[in-house]
Structure formats: C-alpha cells, structure tokens
Amino acid sequence: MIRHIVLFTVPKHEDLDAVLDGLSILTGIPAATRLEIATNMKADRFDDGIDVVVYGEFEDEAALAAYHAHPLYQTSIERVKPLRGRRFAADYDRTAAITAPRA
C-alpha cells in the first residue's frame, strides 16, 4: 500500500475555503482506497506553517499513477494552484515503513 501525503500553505486566509473546494474534487477519483482533505489543527508547537493536508492511500504505484493521470486531478490543480503557496508531497510504501524502535 502506498501512502500519499501533500501539505499546502494558503497565504491568504480568505482563499482557504476555495482551496478546500478545489481539493475536494480529488475525492471523485476512484483510484484511491482512501482520500482525506483537512485543515491543519496547528497543534505542533514548533511549526504551524501548513494550512491544508491531503492524505491518500493507494493499493500500489499503478493506482497512484492512475490518480495523477485522472482528468479530475488536473481540474483540481487548475483551481488550487493559483491560490496556494508552497506544496510539499511525500509518498511511501507502508510495508517498508519503520513501525518499531531500531535497535
């Protein structure tokens, strides 16, 4: 399983709802087994710069590629990109993740 995490900044607070609306388009893409869009709770005491989180789960790399190739993905980009600031993305294979202390 591939986990896909994308973090966005939204420089103008008044654009936050429009960014969330644009990202919500992604939920219509059937390639993801799970897709969530949320605002950051900003509970981290060291950094509160991220405004929006996208979290997705995909069966494999082919499903993630299908997600990126879907027309709704491009529609979302066209709506969100002009309103967002920075974007950070990470993908990893859940089966290779460290889940216990390394001794």
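I looked up helix α2 (residues 61–69) and found A63, L64 and Y67 buried (under 20% relative accessible area with a 1.4 Å probe, protein chains only; exposed is over 50%, partly exposed in between). These residues cover an arc of only 100° around the axis, which puts them on the same side of α2; the arc is taken from the directions from the helix axis to the C-beta atoms. E61, A62 and A69, on the other side of α2, are exposed.

I note that this is a predicted model, in which local features need pLDDT of at least 70 and side-chain atom pairs pLDDT 80 or more, while totals for chains, interfaces and linings use all residues. Residues are numbered from 1 along each chain as its sequence is written, and side-chain values use heavy atoms, without hydrogens and water.

Helices (H or I, at least four residues) and strands (E, at least two) are DSSP runs numbered from the N terminus. I recorded β1 (2–8), β2 (34–39), β3 (52–58), α3 (71–80) and β4 (87–93) among the elements that cover the buried residues of α2.

I then turned to H4, which is in strand β1. H4 counts as buried because its relative accessibility is 2%. Its side chain makes a polar contact of 2.4 Å with that of D91 (N or O atoms within 3.5 Å; within protein, one able to donate a hydrogen and the other to accept it, with residues adjacent in sequence counting only if both atoms are side-chain atoms). Beyond four places in sequence, the contacts of H4 (heavy atoms within 4.5 Å) include L64, Y67 and H68.
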